[in-house]
Amino acid sequence: MKASTAIVFIASCVLHVTCAHASPSGKPIEIKDGFLTVESYRQLSAPTKRGYVMGFVDAMLVSPVFGTPKREVVWLDRCVVGMSDMQLVAIVDKWLADNPSQWHYQMHFLVYSAIKQACQH
């Protein structure tokens with residue numbers, strides 16, 4: 001498994017723990033290619049969005065425990081130091097607003113894309 005694939009897989013696993021009870025309707029969330037679509041993410045409350053994004057970042061940062069080479073996540077560790085959960089959500093929300101052509105992808109992939117792009121600047 002490539003390191004980037006492993007990171008996304010691990011992030012998805014941690015997001016399960018973070019968002020297992022995040023369904024606004026209280027209905028179970030079926031896992032397919034990820035937990036959330038853009039539509040379901042946009043319906044989340046602000047605190048739940050922060051939890052989702054924090055869970056994603058935490059999962060990526062802990063991914064070396066599961067065999068991802070540390071060098072694959074150093075960029076993230078350096079980038080998010082000092083950022084708040086609200087700042088990370090703002091980055092994701094702005095990226096989504098600027099990239100509606102990508103909304104057919106699952107949220108875990110889009111969160112990764114948003115943060116990766118923000119960290120390249």
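Here is a walk through a helix crossing, a disulfide and an aromatic pair in this predicted model. Residues are numbered from 1 along each chain as its sequence is written, and side-chain values use heavy atoms, with hydrogens and water left out. Because the model is predicted, local features need pLDDT of at least 70 and side-chain atom pairs count only at pLDDT 80 or more, while totals for chains, interfaces and linings use all residues.

Let's start with two helices (DSSP runs of H or I, at least four residues, numbered from the N terminus). Helix α3 covers residues 46-62 and helix α5 covers residues 85-98; they pack at an angle of about 95°, with their axes 9 Å apart. The axes here are lines fitted to C-alpha atoms over the stretch in contact, and angles run from 0 to 180 degrees between N-to-C directions. That makes α3 roughly perpendicular to α5, a label that goes to angles of 65 to 115 degrees.

Which residues of α3 meet α5? On the α3 side they are K49, R50, V53, M54 and V57, and across from them in α5 sit D85, M86, L88, V89, V92 and D93. Contact here means heavy atoms within 4.5 Å. Sorted by type, the residues of this contact come out as seven nonpolar, no polar and four charged. For that sorting, Ala, Val, Leu, Ile, Met, Phe, Trp, Tyr, Cys and Pro count as nonpolar, Asp, Glu, Lys and Arg as charged, and the others, Gly among them, as polar.

Now zoom in on K49, which belongs to α3. Is K49 buried or exposed? K49 counts as buried, because its relative accessibility is 13%; the cut-offs are under 20% relative accessible area for buried, over 50% for exposed and partly exposed in between, with a 1.4 Å probe and protein chains only. Leaving aside residues up to four places away in sequence, K49 touches Y41, R42, L44, V89 and D93.

Next comes the disulfide (a pair of cysteine sulfur atoms within 2.5 Å), and the count is one. C79 and C119 form it, with their sulfur atoms 1.9 Å apart. The torsion about their S-S bond is about -85°, so the disulfide is left-handed. C79 lies in helix α4 (residues 74-80) and C119 in helix α6 (residues 107-119), so the pair ties together parts that are 40 residues apart in sequence. Both cysteines, C79 and C119, are buried.

Finally, the aromatic pairs number three. One of them joins Y105 and F109, tilted, at 5.3 Å centre to centre and 55° between the planes. Rings of Phe, Tyr and Trp (its six-membered ring) pair if their centres lie within 6.5 Å; planes under 30 degrees apart count as stacked, over 60 as edge-to-face and the rest as tilted. Y105 is partly exposed at 35% relative accessible area, and F109 is partly exposed at 37%.

Definitions and conventions
Parallel < 35°, antiparallel > 145°, perpendicular 65-115°, else oblique.
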